[in-house]
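Work through the exercises below with the model open. Try each task before reading its solution.

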Amino acid sequence: MNNGQSALEASIEKRRTFAIISHPDAGKTTLTEKLLLFGGAIRLAGSVKGRKTKKYATSDWMEIEKQRGISVTSSVMQFAYKEHLINILDTPGHQDFSEDTYRTLLAADSAVMLIDAAKGVEPQTIKLFEACRLQQIPVFTFINKLDRFGKEPLDLLEEIEQVLGMRSCPLNWPIGMGYDFRGIYDRRNNQIELFKGDDEREIIPAIGSWQENTEVREFLDNTQIKQLEEEIGLLDIAGDPFDQEKIDAGKLTPVFFGSAINNFGVQTFLDQFLQLAPPPQPHKSNQGYIDPAEQGFSGFIFKIQANMDPAHRDRIAFMRICSGQFQRGMIATHARQGKKIKLSQPQQFFAQSRDIIEEACAGDIVGIYDPGIFQIGDTVYEGKPLEYEELPQFSPEYFAKVFIKEAMKQKRFYKGLKQLAEEGAVQVYKSFLNGSEDIILGVVGELQFEVFQFRLLHEYGAEVILERLPHRLARWVRGEEIKTQELKSMNSLLAKDRFGQLVVLFKNETALNWVQSKNPTLNFVTTNREP
Ligand code: GDP
(Lines give C-alpha, C1' and ligand atoms only; values in the text may rest on other atoms or scores of the structure.)
Protein backbone atom coordinates (compact mmCIF):
# COMPACT_ATOMS: atom_id res chain seq x y z
CA MET A 1 0.00 0.00 0.00
CA ASN A 2 1.42 3.40 -0.90
CA ASN A 3 1.34 6.47 1.28
CA GLY A 4 -1.34 8.21 -0.75
CA GLN A 5 -3.63 5.25 -0.35
CA SER A 6 -3.19 4.94 3.40
CA ALA A 7 -3.62 8.72 3.82
CA LEU A 8 -6.87 8.49 1.85
CA GLU A 9 -8.07 5.60 3.98
CA ALA A 10 -7.28 7.49 7.16
CA SER A 11 -9.13 10.59 5.91
CA ILE A 12 -12.19 8.52 5.09
CA GLU A 13 -12.11 6.62 8.34
CA LYS A 14 -12.38 9.77 10.39
CA ARG A 15 -15.40 11.11 8.52
CA ARG A 16 -19.00 10.85 9.69
CA THR A 17 -21.69 12.10 7.35
CA PHE A 18 -25.18 12.19 8.78
CA ALA A 19 -28.55 13.92 8.65
CA ILE A 20 -30.72 14.99 11.55
CA ILE A 21 -34.34 13.98 11.03
CA SER A 22 -37.15 15.42 13.10
CA HIS A 23 -40.53 17.10 13.13
CA PRO A 24 -40.46 20.92 13.21
CA ASP A 25 -39.84 22.34 16.69
CA ALA A 26 -38.27 19.22 18.14
CA GLY A 27 -35.04 21.22 18.50
CA LYS A 28 -33.02 20.43 15.37
CA THR A 29 -31.63 23.93 15.00
CA THR A 30 -30.73 24.05 18.67
CA LEU A 31 -29.05 20.66 18.62
CA THR A 32 -27.14 21.49 15.43
CA GLU A 33 -25.88 24.73 16.94
CA LYS A 34 -24.64 22.93 20.02
CA LEU A 35 -22.91 20.30 17.93
CA LEU A 36 -21.20 23.00 15.89
CA LEU A 37 -20.00 24.63 19.08
CA PHE A 38 -17.94 21.57 19.89
CA GLY A 39 -16.27 21.75 16.52
CA GLY A 40 -13.34 23.67 15.21
CA ALA A 41 -13.29 25.41 11.87
CA ILE A 42 -16.73 25.41 10.36
CA ARG A 43 -17.48 25.17 6.70
CA LEU A 44 -20.97 25.58 5.42
CA ALA A 45 -21.78 24.30 1.98
CA GLY A 46 -24.61 25.86 0.06
CA SER A 47 -25.04 28.68 2.48
CA VAL A 48 -26.62 31.58 0.71
CA LYS A 49 -27.17 33.63 3.80
CA GLY A 50 -24.13 35.82 3.48
CA ARG A 51 -24.36 36.46 -0.24
CA LYS A 52 -25.21 40.09 -0.26
CA THR A 53 -22.80 41.06 -2.98
CA LYS A 54 -25.19 40.34 -5.81
CA LYS A 55 -28.52 41.99 -6.26
CA TYR A 56 -31.25 39.54 -7.09
CA ALA A 57 -34.06 40.46 -9.40
CA THR A 58 -37.30 40.85 -7.51
CA SER A 59 -38.70 38.17 -9.74
CA ASP A 60 -36.35 35.71 -8.11
CA TRP A 61 -38.40 32.80 -6.88
CA MET A 62 -36.42 32.89 -3.72
CA GLU A 63 -38.58 35.92 -3.03
CA ILE A 64 -41.41 33.50 -2.42
CA GLU A 65 -39.35 31.82 0.17
CA LYS A 66 -38.39 35.09 1.76
CA GLN A 67 -41.99 36.27 1.84
CA ARG A 68 -43.00 33.04 3.45
CA GLY A 69 -40.26 33.44 6.00
CA ILE A 70 -38.46 30.33 4.91
CA SER A 71 -34.77 30.46 5.31
CA VAL A 72 -32.56 29.13 2.59
CA THR A 73 -29.82 28.04 4.88
CA SER A 74 -26.82 25.85 4.65
CA SER A 75 -27.19 22.49 3.09
CA VAL A 76 -24.12 20.97 4.65
CA MET A 77 -22.15 21.90 7.70
CA GLN A 78 -18.69 20.53 8.17
CA PHE A 79 -16.66 20.66 11.34
CA ALA A 80 -13.77 18.96 13.00
CA TYR A 81 -14.17 17.46 16.44
CA LYS A 82 -11.48 15.49 18.26
CA GLU A 83 -10.11 13.09 15.66
CA HIS A 84 -13.24 13.27 13.51
CA LEU A 85 -14.45 15.26 10.56
CA ILE A 86 -18.20 15.66 10.64
CA ASN A 87 -20.59 16.49 7.82
CA ILE A 88 -24.11 17.33 8.95
CA LEU A 89 -26.63 17.35 6.14
CA ASP A 90 -29.55 19.66 6.60
CA THR A 91 -32.98 18.18 5.99
CA PRO A 92 -35.31 21.09 5.22
CA GLY A 93 -38.47 21.03 7.30
CA HIS A 94 -41.46 23.31 7.84
CA GLN A 95 -43.06 24.50 4.62
CA ASP A 96 -39.96 23.80 2.57
CA PHE A 97 -40.29 20.10 3.24
CA SER A 98 -39.92 18.55 -0.18
CA GLU A 99 -38.53 15.59 -2.03
CA ASP A 100 -35.12 17.18 -1.52
CA THR A 101 -35.49 16.39 2.14
CA TYR A 102 -35.74 12.69 1.36
CA ARG A 103 -32.99 12.82 -1.24
CA THR A 104 -30.62 14.40 1.23
CA LEU A 105 -30.84 11.19 3.23
CA LEU A 106 -29.42 9.33 0.23
CA ALA A 107 -26.17 11.21 0.77
CA ALA A 108 -25.93 10.31 4.46
CA ASP A 109 -24.31 7.28 6.07
CA SER A 110 -26.50 7.51 9.15
CA ALA A 111 -29.24 9.61 10.68
CA VAL A 112 -29.95 11.15 14.05
CA MET A 113 -33.65 11.05 14.87
CA LEU A 114 -34.54 13.87 17.19
CA ILE A 115 -37.69 13.45 19.27
CA ASP A 116 -39.41 15.94 21.55
CA ALA A 117 -40.00 14.05 24.82
CA ALA A 118 -43.41 15.66 25.26
CA LYS A 119 -44.63 14.98 21.74
CA GLY A 120 -43.13 11.60 20.95
CA VAL A 121 -42.94 10.32 17.38
CA GLU A 122 -44.51 12.95 15.10
CA PRO A 123 -45.66 12.75 11.44
CA GLN A 124 -42.62 14.26 9.73
CA THR A 125 -40.35 12.06 11.80
CA ILE A 126 -42.27 9.01 10.63
CA LYS A 127 -41.91 9.96 6.96
CA LEU A 128 -38.20 10.64 7.26
CA PHE A 129 -37.65 7.52 9.30
CA GLU A 130 -39.30 5.47 6.53
CA ALA A 131 -36.90 7.00 4.01
CA CYS A 132 -33.98 5.96 6.24
CA ARG A 133 -35.38 2.48 6.52
CA LEU A 134 -35.53 2.14 2.74
CA GLN A 135 -31.82 2.83 2.69
CA GLN A 136 -31.11 0.66 5.69
CA ILE A 137 -28.89 3.25 7.29
CA PRO A 138 -28.34 3.26 11.06
CA VAL A 139 -30.64 5.60 12.98
CA PHE A 140 -29.60 7.06 16.34
CA THR A 141 -32.27 8.55 18.57
CA PHE A 142 -31.88 11.65 20.70
CA ILE A 143 -34.86 12.33 22.96
CA ASN A 144 -34.86 16.04 23.67
CA LYS A 145 -36.32 18.52 26.15
CA LEU A 146 -35.99 16.40 29.29
CA ASP A 147 -35.92 19.66 31.22
CA ARG A 148 -39.65 19.83 30.55
CA PHE A 149 -42.34 17.42 31.60
CA GLY A 150 -42.87 14.90 28.86
CA LYS A 151 -43.90 11.33 28.28
CA GLU A 152 -42.41 8.61 30.45
CA PRO A 153 -39.11 7.34 28.98
CA LEU A 154 -40.36 3.75 28.81
CA ASP A 155 -43.50 4.90 27.01
CA LEU A 156 -41.35 6.74 24.49
CA LEU A 157 -39.39 3.58 23.73
CA GLU A 158 -42.66 1.70 23.38
CA GLU A 159 -43.88 4.38 20.98
CA ILE A 160 -40.74 4.07 18.84
CA GLU A 161 -41.40 0.37 18.63
CA GLN A 162 -45.14 0.61 17.99
CA VAL A 163 -45.17 3.53 15.57
CA LEU A 164 -41.89 2.97 13.74
CA GLY A 165 -41.53 -0.76 14.22
CA MET A 166 -38.00 -0.21 15.48
CA ARG A 167 -36.40 -1.90 18.48
CA SER A 168 -34.41 0.38 20.71
CA CYS A 169 -31.52 0.17 23.10
CA PRO A 170 -31.18 3.11 25.50
CA LEU A 171 -27.52 3.94 26.07
CA ASN A 172 -28.32 6.44 28.74
CA TRP A 173 -31.29 6.93 31.00
CA PRO A 174 -32.83 10.11 32.40
CA ILE A 175 -33.05 10.79 36.11
CA GLY A 176 -36.36 12.57 36.56
CA MET A 177 -37.74 15.15 34.15
CA GLY A 178 -39.05 18.71 34.09
CA TYR A 179 -38.30 20.47 37.39
CA ASP A 180 -37.06 17.18 38.76
CA PHE A 181 -34.63 16.52 35.94
CA ARG A 182 -31.33 15.69 37.63
CA GLY A 183 -29.25 14.18 34.89
CA ILE A 184 -28.58 11.04 32.95
CA TYR A 185 -27.13 7.68 33.77
CA ASP A 186 -24.67 6.50 31.14
CA ARG A 187 -25.27 2.76 30.87
CA ARG A 188 -22.20 1.95 28.83
CA ASN A 189 -19.72 3.73 31.04
CA ASN A 190 -21.68 3.23 34.24
CA GLN A 191 -21.40 6.89 35.12
CA ILE A 192 -23.76 9.66 36.03
CA GLU A 193 -23.89 13.08 34.45
CA LEU A 194 -25.53 15.51 36.83
CA PHE A 195 -27.68 18.30 35.45
CA LYS A 196 -27.10 21.41 37.43
CA GLY A 197 -28.78 23.82 35.04
CA ASP A 198 -27.28 26.74 33.15
CA ASP A 199 -24.91 24.77 30.99
CA GLU A 200 -23.37 23.23 34.05
CA ARG A 201 -22.80 19.56 34.18
CA GLU A 202 -20.75 17.23 36.19
CA ILE A 203 -19.75 13.77 35.22
CA ILE A 204 -19.35 11.35 38.07
CA PRO A 205 -16.94 8.74 36.85
CA ALA A 206 -17.38 5.06 37.30
CA ILE A 207 -15.28 4.58 40.38
CA GLY A 208 -16.92 2.06 42.63
CA SER A 209 -20.69 2.20 42.64
CA TRP A 210 -22.36 5.51 41.80
CA GLN A 211 -24.83 4.98 44.64
CA GLU A 212 -22.02 5.48 47.12
CA ASN A 213 -20.74 8.67 45.57
CA THR A 214 -21.26 11.61 47.95
CA GLU A 215 -21.90 14.05 45.13
CA VAL A 216 -24.65 11.86 43.76
CA ARG A 217 -26.13 11.32 47.22
CA GLU A 218 -26.20 15.05 47.80
CA PHE A 219 -27.79 15.84 44.50
CA LEU A 220 -30.36 13.05 44.22
CA ASP A 221 -32.81 12.17 46.94
CA ASN A 222 -33.42 8.61 48.07
CA THR A 223 -36.56 8.21 46.00
CA GLN A 224 -34.69 9.22 42.85
CA ILE A 225 -31.82 6.85 43.59
CA LYS A 226 -34.24 4.02 44.21
CA GLN A 227 -36.23 4.74 41.09
CA LEU A 228 -33.08 4.90 38.98
CA GLU A 229 -31.90 1.57 40.40
CA GLU A 230 -35.23 0.00 39.57
CA GLU A 231 -35.34 1.40 36.08
CA ILE A 232 -31.77 0.37 35.29
CA GLY A 233 -32.60 -3.10 36.57
CA LEU A 234 -35.67 -3.20 34.39
CA LEU A 235 -33.76 -2.12 31.29
CA ASP A 236 -31.14 -4.78 31.88
CA ILE A 237 -33.81 -7.45 31.87
CA ALA A 238 -36.46 -6.09 29.52
CA GLY A 239 -34.54 -3.86 27.13
CA ASP A 240 -32.87 -4.93 23.93
CA PRO A 241 -29.17 -5.68 24.39
CA PHE A 242 -26.61 -3.55 22.63
CA ASP A 243 -25.87 -5.08 19.23
CA GLN A 244 -23.60 -3.21 16.81
CA GLU A 245 -24.56 -5.42 13.87
CA LYS A 246 -28.23 -4.65 14.31
CA ILE A 247 -27.45 -0.96 14.68
CA ASP A 248 -25.41 -1.03 11.46
CA ALA A 249 -28.25 -2.76 9.65
CA GLY A 250 -30.75 -0.15 10.81
CA LYS A 251 -32.65 -2.70 12.90
CA LEU A 252 -31.92 -1.31 16.34
CA THR A 253 -31.73 2.31 17.38
CA PRO A 254 -29.44 3.40 20.22
CA VAL A 255 -31.33 5.94 22.34
CA PHE A 256 -29.95 8.96 24.20
CA PHE A 257 -31.77 11.44 26.43
CA GLY A 258 -30.86 15.05 27.01
CA SER A 259 -31.70 18.69 26.62
CA ALA A 260 -30.29 20.46 23.60
CA ILE A 261 -31.05 23.96 24.79
CA ASN A 262 -29.15 23.35 28.01
CA ASN A 263 -26.38 21.67 26.09
CA PHE A 264 -26.94 18.74 28.38
CA GLY A 265 -26.19 15.22 27.24
CA VAL A 266 -25.20 16.58 23.83
CA GLN A 267 -21.47 16.02 24.08
CA THR A 268 -21.92 12.59 25.64
CA PHE A 269 -24.22 11.79 22.77
CA LEU A 270 -21.76 13.11 20.19
CA ASP A 271 -18.87 11.12 21.64
CA GLN A 272 -20.78 7.86 21.62
CA PHE A 273 -22.41 8.54 18.28
CA LEU A 274 -18.99 9.06 16.67
CA GLN A 275 -17.81 5.74 18.03
CA LEU A 276 -20.88 3.83 16.87
CA ALA A 277 -21.85 5.52 13.60
CA PRO A 278 -20.31 4.24 10.38
CA PRO A 279 -17.65 6.05 8.35
CA PRO A 280 -18.41 6.59 4.62
CA GLN A 281 -19.96 3.45 3.20
CA PRO A 282 -19.67 1.78 -0.22
CA HIS A 283 -22.27 2.83 -2.79
CA LYS A 284 -23.97 0.62 -5.34
CA SER A 285 -23.12 1.21 -8.99
CA ASN A 286 -23.38 -0.65 -12.28
CA GLN A 287 -19.86 -1.96 -11.46
CA GLY A 288 -20.95 -3.35 -8.10
CA TYR A 289 -20.36 -1.66 -4.76
CA ILE A 290 -17.69 1.02 -4.94
CA ASP A 291 -15.40 1.18 -1.97
CA PRO A 292 -14.82 4.73 -0.67
CA ALA A 293 -11.08 4.12 -0.52
CA GLU A 294 -10.86 3.29 -4.22
CA GLN A 295 -8.31 5.54 -5.83
CA GLY A 296 -10.53 6.94 -8.54
CA PHE A 297 -12.73 9.86 -7.57
CA SER A 298 -16.47 9.37 -8.02
CA GLY A 299 -19.71 10.82 -6.71
CA PHE A 300 -23.35 11.44 -7.51
CA ILE A 301 -25.59 14.49 -7.56
CA PHE A 302 -28.40 14.31 -5.01
CA LYS A 303 -29.66 17.85 -4.97
CA ILE A 304 -29.75 20.76 -7.36
CA GLN A 305 -30.29 24.19 -5.97
CA ALA A 306 -31.46 26.48 -8.71
CA ASN A 307 -31.66 30.15 -9.29
CA MET A 308 -28.95 31.54 -7.23
CA ASP A 309 -28.91 33.88 -10.19
CA PRO A 310 -32.10 33.46 -12.25
CA ALA A 311 -30.82 35.51 -15.17
CA HIS A 312 -28.28 32.83 -15.93
CA ARG A 313 -30.20 29.83 -14.73
CA ASP A 314 -27.25 29.13 -12.52
CA ARG A 315 -27.55 26.13 -10.36
CA ILE A 316 -25.49 24.50 -7.71
CA ALA A 317 -25.33 20.73 -7.87
CA PHE A 318 -24.64 19.03 -4.57
CA MET A 319 -22.51 15.98 -4.92
CA ARG A 320 -21.85 13.24 -2.45
CA ILE A 321 -18.32 12.04 -2.98
CA CYS A 322 -18.44 8.25 -2.89
CA SER A 323 -14.83 7.36 -3.56
CA GLY A 324 -11.38 8.81 -3.81
CA GLN A 325 -10.24 12.38 -3.61
CA PHE A 326 -11.81 15.47 -5.12
CA GLN A 327 -9.53 18.27 -6.22
CA ARG A 328 -10.46 21.71 -7.32
CA GLY A 329 -10.05 22.04 -11.05
CA MET A 330 -9.93 18.34 -11.70
CA ILE A 331 -11.17 16.89 -14.97
CA ALA A 332 -13.83 14.25 -14.49
CA THR A 333 -16.34 12.45 -16.66
CA HIS A 334 -20.04 13.21 -16.64
CA ALA A 335 -21.27 9.62 -16.94
CA ARG A 336 -24.68 10.18 -18.55
CA GLN A 337 -23.33 12.56 -21.18
CA GLY A 338 -20.05 10.73 -21.59
CA LYS A 339 -18.28 14.09 -21.55
CA LYS A 340 -15.26 15.38 -19.74
CA ILE A 341 -15.96 18.33 -17.47
CA LYS A 342 -13.72 20.54 -15.43
CA LEU A 343 -14.76 20.91 -11.83
CA SER A 344 -13.18 24.26 -11.45
CA GLN A 345 -15.77 27.00 -11.29
CA PRO A 346 -15.54 29.33 -8.37
CA GLN A 347 -18.72 28.28 -6.62
CA GLN A 348 -17.46 24.83 -5.89
CA PHE A 349 -18.01 24.88 -2.22
CA PHE A 350 -19.89 27.45 -0.25
CA ALA A 351 -18.49 28.44 3.03
CA GLN A 352 -19.84 31.16 5.21
CA SER A 353 -17.20 33.39 3.73
CA ARG A 354 -17.47 31.82 0.28
CA ASP A 355 -14.17 30.04 0.54
CA ILE A 356 -13.40 27.53 -2.08
CA ILE A 357 -12.11 24.25 -0.93
CA GLU A 358 -9.10 22.80 -2.61
CA GLU A 359 -9.89 19.19 -1.91
CA ALA A 360 -12.37 16.87 -0.32
CA CYS A 361 -12.68 13.12 -0.09
CA ALA A 362 -15.16 10.27 0.02
CA GLY A 363 -17.90 11.05 2.53
CA ASP A 364 -17.81 14.80 1.88
CA ILE A 365 -20.37 16.87 0.06
CA VAL A 366 -19.30 19.50 -2.43
CA GLY A 367 -21.44 22.08 -4.15
CA ILE A 368 -20.30 22.44 -7.73
CA TYR A 369 -21.32 25.05 -10.22
CA ASP A 370 -23.86 23.68 -12.67
CA PRO A 371 -24.40 25.51 -15.95
CA GLY A 372 -27.42 23.26 -16.54
CA ILE A 373 -25.73 19.96 -17.31
CA PHE A 374 -26.74 17.96 -14.27
CA GLN A 375 -29.78 15.94 -13.34
CA ILE A 376 -30.61 14.41 -10.01
CA GLY A 377 -28.74 11.13 -9.73
CA ASP A 378 -25.97 11.92 -12.24
CA THR A 379 -22.60 10.28 -11.70
CA VAL A 380 -19.27 12.04 -12.06
CA TYR A 381 -16.08 10.00 -12.04
CA GLU A 382 -12.41 9.98 -12.83
CA GLY A 383 -10.73 6.92 -14.27
CA LYS A 384 -12.65 3.67 -14.45
CA PRO A 385 -16.16 4.23 -15.90
CA LEU A 386 -19.07 3.66 -13.58
CA GLU A 387 -22.56 4.87 -12.92
CA TYR A 388 -24.30 4.97 -9.56
CA GLU A 389 -27.82 3.67 -9.21
CA GLU A 390 -30.55 6.06 -10.16
CA LEU A 391 -32.01 7.80 -7.15
CA PRO A 392 -35.51 6.76 -6.17
CA GLN A 393 -38.56 8.92 -6.66
CA PHE A 394 -40.57 9.11 -3.45
CA SER A 395 -44.32 9.23 -3.23
CA PRO A 396 -45.59 12.80 -3.50
CA GLU A 397 -48.34 13.96 -1.18
CA TYR A 398 -49.97 16.58 -3.38
CA PHE A 399 -51.04 16.38 -6.99
CA ALA A 400 -52.31 18.83 -9.53
CA LYS A 401 -53.20 18.80 -13.20
CA VAL A 402 -51.24 21.35 -15.12
CA PHE A 403 -52.48 23.29 -18.15
CA ILE A 404 -50.75 25.87 -20.26
CA LYS A 405 -52.52 29.20 -20.57
CA GLU A 406 -51.42 30.05 -24.10
CA ALA A 407 -51.13 27.21 -26.55
CA MET A 408 -48.46 29.19 -28.44
CA LYS A 409 -46.02 28.68 -25.62
CA GLN A 410 -46.19 24.90 -25.61
CA LYS A 411 -42.56 24.45 -26.54
CA ARG A 412 -41.34 26.52 -23.63
CA PHE A 413 -43.75 24.77 -21.35
CA TYR A 414 -42.47 21.32 -22.23
CA LYS A 415 -38.88 22.43 -21.97
CA GLY A 416 -39.47 23.87 -18.50
CA LEU A 417 -41.44 20.84 -17.41
CA LYS A 418 -38.65 18.52 -18.50
CA GLN A 419 -35.89 20.51 -16.87
CA LEU A 420 -37.69 21.00 -13.59
CA ALA A 421 -38.49 17.31 -13.43
CA GLU A 422 -34.84 16.44 -14.07
CA GLU A 423 -33.77 18.85 -11.40
CA GLY A 424 -36.09 17.04 -9.02
CA ALA A 425 -38.28 20.07 -8.30
CA VAL A 426 -41.49 18.24 -9.25
CA GLN A 427 -42.52 14.80 -10.39
CA VAL A 428 -44.36 14.59 -13.67
CA TYR A 429 -46.96 11.97 -14.51
CA LYS A 430 -49.20 11.35 -17.48
CA SER A 431 -52.62 10.04 -16.66
CA PHE A 432 -54.14 7.40 -18.85
CA LEU A 433 -57.33 5.36 -19.01
CA ASN A 434 -59.13 8.56 -18.14
CA GLY A 435 -60.04 9.48 -21.66
CA SER A 436 -57.48 12.27 -21.85
CA GLU A 437 -53.75 12.49 -21.46
CA ASP A 438 -53.47 14.95 -18.62
CA ILE A 439 -50.14 16.04 -17.24
CA ILE A 440 -50.09 15.66 -13.49
CA LEU A 441 -47.54 17.18 -11.15
CA GLY A 442 -46.68 15.53 -7.88
CA VAL A 443 -44.87 17.22 -4.99
CA VAL A 444 -43.92 16.27 -1.47
CA GLY A 445 -44.33 19.79 -0.06
CA GLU A 446 -47.14 22.08 -1.22
CA LEU A 447 -44.90 25.09 -1.66
CA GLN A 448 -43.26 23.34 -4.60
CA PHE A 449 -46.40 24.01 -6.68
CA GLU A 450 -45.97 27.74 -6.28
CA VAL A 451 -42.27 27.51 -6.96
CA PHE A 452 -43.01 25.50 -10.11
CA GLN A 453 -45.56 28.00 -11.38
CA PHE A 454 -43.30 30.90 -10.61
CA ARG A 455 -40.23 29.41 -12.20
CA LEU A 456 -42.05 28.28 -15.31
CA LEU A 457 -43.27 31.82 -15.84
CA HIS A 458 -40.05 33.63 -14.99
CA GLU A 459 -37.47 31.26 -16.39
CA TYR A 460 -39.34 29.78 -19.33
CA GLY A 461 -41.98 32.40 -20.04
CA ALA A 462 -44.88 29.97 -19.84
CA GLU A 463 -47.90 30.71 -17.71
CA VAL A 464 -49.61 27.64 -16.31
CA ILE A 465 -52.78 26.88 -14.44
CA LEU A 466 -52.82 24.24 -11.76
CA GLU A 467 -55.92 22.31 -10.86
CA ARG A 468 -55.48 20.60 -7.54
CA LEU A 469 -56.41 16.95 -7.25
CA PRO A 470 -57.71 15.31 -4.07
CA HIS A 471 -55.15 12.48 -4.25
CA ARG A 472 -52.56 12.15 -1.51
CA LEU A 473 -50.34 9.20 -2.30
CA ALA A 474 -48.69 7.51 -5.24
CA ARG A 475 -47.84 3.82 -5.38
CA TRP A 476 -45.77 2.09 -8.01
CA VAL A 477 -47.34 -1.21 -8.98
CA ARG A 478 -45.41 -4.47 -8.97
CA GLY A 479 -46.73 -7.84 -10.03
CA GLU A 480 -47.01 -10.43 -12.75
CA GLU A 481 -50.46 -9.76 -14.09
CA ILE A 482 -51.55 -6.20 -13.74
CA LYS A 483 -55.14 -5.64 -14.80
CA THR A 484 -55.31 -1.89 -14.96
CA GLN A 485 -59.12 -1.68 -14.88
CA GLU A 486 -59.15 -3.36 -11.49
CA LEU A 487 -56.95 -0.69 -10.01
CA LYS A 488 -59.51 1.94 -10.75
CA SER A 489 -61.80 1.85 -7.75
CA MET A 490 -62.22 4.38 -4.95
CA ASN A 491 -61.43 7.26 -7.34
CA SER A 492 -57.88 6.17 -7.84
CA LEU A 493 -56.09 7.60 -10.84
CA LEU A 494 -53.80 5.64 -13.14
CA ALA A 495 -50.72 7.29 -14.51
CA LYS A 496 -47.25 6.70 -15.86
CA ASP A 497 -44.24 8.40 -14.35
CA ARG A 498 -41.64 10.03 -16.58
CA PHE A 499 -39.81 6.74 -16.93
CA GLY A 500 -42.97 5.01 -18.13
CA GLN A 501 -43.63 3.09 -14.92
CA LEU A 502 -47.20 2.45 -13.84
CA VAL A 503 -48.32 4.47 -10.84
CA VAL A 504 -51.65 4.61 -9.05
CA LEU A 505 -52.65 7.80 -7.27
CA PHE A 506 -54.88 7.27 -4.25
CA LYS A 507 -56.98 9.68 -2.24
CA ASN A 508 -56.00 8.12 1.07
CA GLU A 509 -54.75 4.98 2.83
CA THR A 510 -58.26 3.52 2.91
CA ALA A 511 -58.46 3.65 -0.87
CA LEU A 512 -55.02 2.09 -1.16
CA ASN A 513 -55.94 -0.70 1.25
CA TRP A 514 -59.16 -1.37 -0.62
CA VAL A 515 -57.48 -1.65 -4.00
CA GLN A 516 -54.74 -3.75 -2.42
CA SER A 517 -57.33 -6.13 -0.94
CA LYS A 518 -58.93 -6.51 -4.38
CA ASN A 519 -55.54 -7.19 -5.96
CA PRO A 520 -53.78 -9.39 -3.42
CA THR A 521 -51.07 -10.58 -5.81
CA LEU A 522 -49.84 -7.07 -6.55
CA ASN A 523 -47.39 -5.02 -4.54
CA PHE A 524 -47.87 -1.27 -4.16
CA VAL A 525 -44.50 0.26 -3.35
CA THR A 526 -43.67 3.76 -2.15
CA THR A 527 -40.74 4.56 -4.45
CA ASN A 528 -40.06 3.81 -8.10
CA ARG A 529 -36.83 1.96 -7.22
CA GLU A 530 -38.29 -0.76 -5.05
CA PRO A 531 -38.59 -4.14 -6.71
P1 GDP B 1 -36.45 22.95 15.02
O2 GDP B 1 -37.70 23.47 14.42
O3 GDP B 1 -36.48 21.46 15.16
O4 GDP B 1 -35.19 23.43 14.37
O5 GDP B 1 -36.44 23.44 16.54
P6 GDP B 1 -35.65 24.60 17.28
O7 GDP B 1 -34.24 24.22 17.52
O8 GDP B 1 -35.93 25.89 16.60
O9 GDP B 1 -36.39 24.54 18.68
C10 GDP B 1 -37.79 24.73 18.81
C11 GDP B 1 -38.07 25.30 20.18
O12 GDP B 1 -37.76 24.36 21.19
C13 GDP B 1 -37.26 26.55 20.48
O14 GDP B 1 -38.08 27.44 21.19
C15 GDP B 1 -36.15 26.01 21.35
O16 GDP B 1 -35.66 26.98 22.23
C17 GDP B 1 -36.85 24.90 22.11
N18 GDP B 1 -35.94 23.86 22.59
C19 GDP B 1 -34.96 23.23 21.92
N20 GDP B 1 -34.34 22.33 22.72
C21 GDP B 1 -34.94 22.41 23.93
C22 GDP B 1 -34.73 21.74 25.16
O23 GDP B 1 -33.85 20.90 25.36
N24 GDP B 1 -35.58 22.09 26.18
C25 GDP B 1 -36.55 23.03 26.04
N26 GDP B 1 -37.30 23.30 27.09
N27 GDP B 1 -36.75 23.66 24.88
C28 GDP B 1 -35.96 23.38 23.85
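**Exercise 1.** How many bridges join strand 5 to strand 6, and do the two run parallel or antiparallel?

*Solution.* The model is a predicted one. Strand 5 and strand 6 are joined by six bridges, and they run parallel. On its way from strand 5 to strand 6 the chain passes through helix 5, a β-α-β crossover that is right-handed. Strand 5 also pairs with strand 1, in the parallel sense, over five bridges. There, Ala 19 has Ala 111 in strand 5 as its bridge partner.

**Exercise 2.** Find which way the residues of strand 5 point, and state whether they are buried or exposed.

*Solution.* Ser 110, Val 112, Leu 114 and Asp 116 point one way from the strand. Ala 111, Met 113 and Ile 115 point the other way. Both sets are buried, so the count for strand 5 is seven of seven residues, given that a residue is buried if 20 or more other C-beta atoms lie within 10 Å of its own.

**Exercise 3.** Check the span of helix 5 (residues 123-135) against its number of residues, then locate its buried residues.

*Solution.* Helix 5 has 13 residues, and at 1.5 Å a residue these should span 18 Å. The end C-alpha atoms are 19 Å apart, which agrees. The buried residues are Thr 125, Leu 128, Phe 129, Ala 131 and Cys 132. Because they cover an arc of only 155° around the axis, they lie on the same side of helix 5. These buried residues pack against strand 1, helix 4, strand 5, strand 6 and helix 6. Just after the helix, Gln 136 takes a positive phi of about 60°.

**Exercise 4.** Why does Phe 257 count as buried?

*Solution.* Phe 257 is located in strand 12 (residues 252-257). It counts as buried because it has 30 C-beta neighbours inside 10 Å, and the cut-off is 20 or more. Beyond its neighbours within four places in sequence, its contacts include Ile 143, Leu 146, Pro 153 and Trp 173. Leu 146 is 111 residues away from Phe 257 in sequence, while their C-alpha atoms are 7.1 Å apart in space.

**Exercise 5.** In what order do the six strands of the open sheet lie, and which are the edge strands?

*Solution.* The order is 19-18-22-15-16-21, with antiparallel pairing. Strand 19 (339-343) and strand 21 (365-370) are the edge strands, each pairing on one side only. Direction ignored, neighbouring strands of this sheet are turned by 40° against each other on average. Within the sheet, strand 15 and strand 16 are joined by eight bridges, and Ser 298 stands opposite Ser 323 in strand 16.

Definitions and conventions
Residues are numbered from 1 along each chain as its sequence is written. This is a predicted model: local features need pLDDT of at least 70, side-chain atom pairs count only at pLDDT 80 or more; totals for chains, interfaces and linings use all residues. Helices (H or I, at least four residues) and strands (E, at least two) are DSSP runs, numbered from the N terminus. A residue is buried if 20 or more other C-beta atoms lie within 10 Å of its own, exposed if 12 or fewer, and partly exposed in between; C-beta atoms are placed from the backbone. Two residues are in contact if their C-beta atoms, placed from the backbone, lie within 7 Å. Two strands pair if DSSP finds at least two bridges between them. Axes are lines fitted to C-alpha atoms, for helices over the stretch in contact, and angles run from 0 to 180 degrees between N-to-C directions. The expected span of a helix is 1.5 Å times one less than its number of residues. The arc is that of the directions from the helix axis to the C-beta atoms. A crossover is right-handed if, with the strands pointing away from the viewer, the path from the first strand over the helix to the second runs clockwise.
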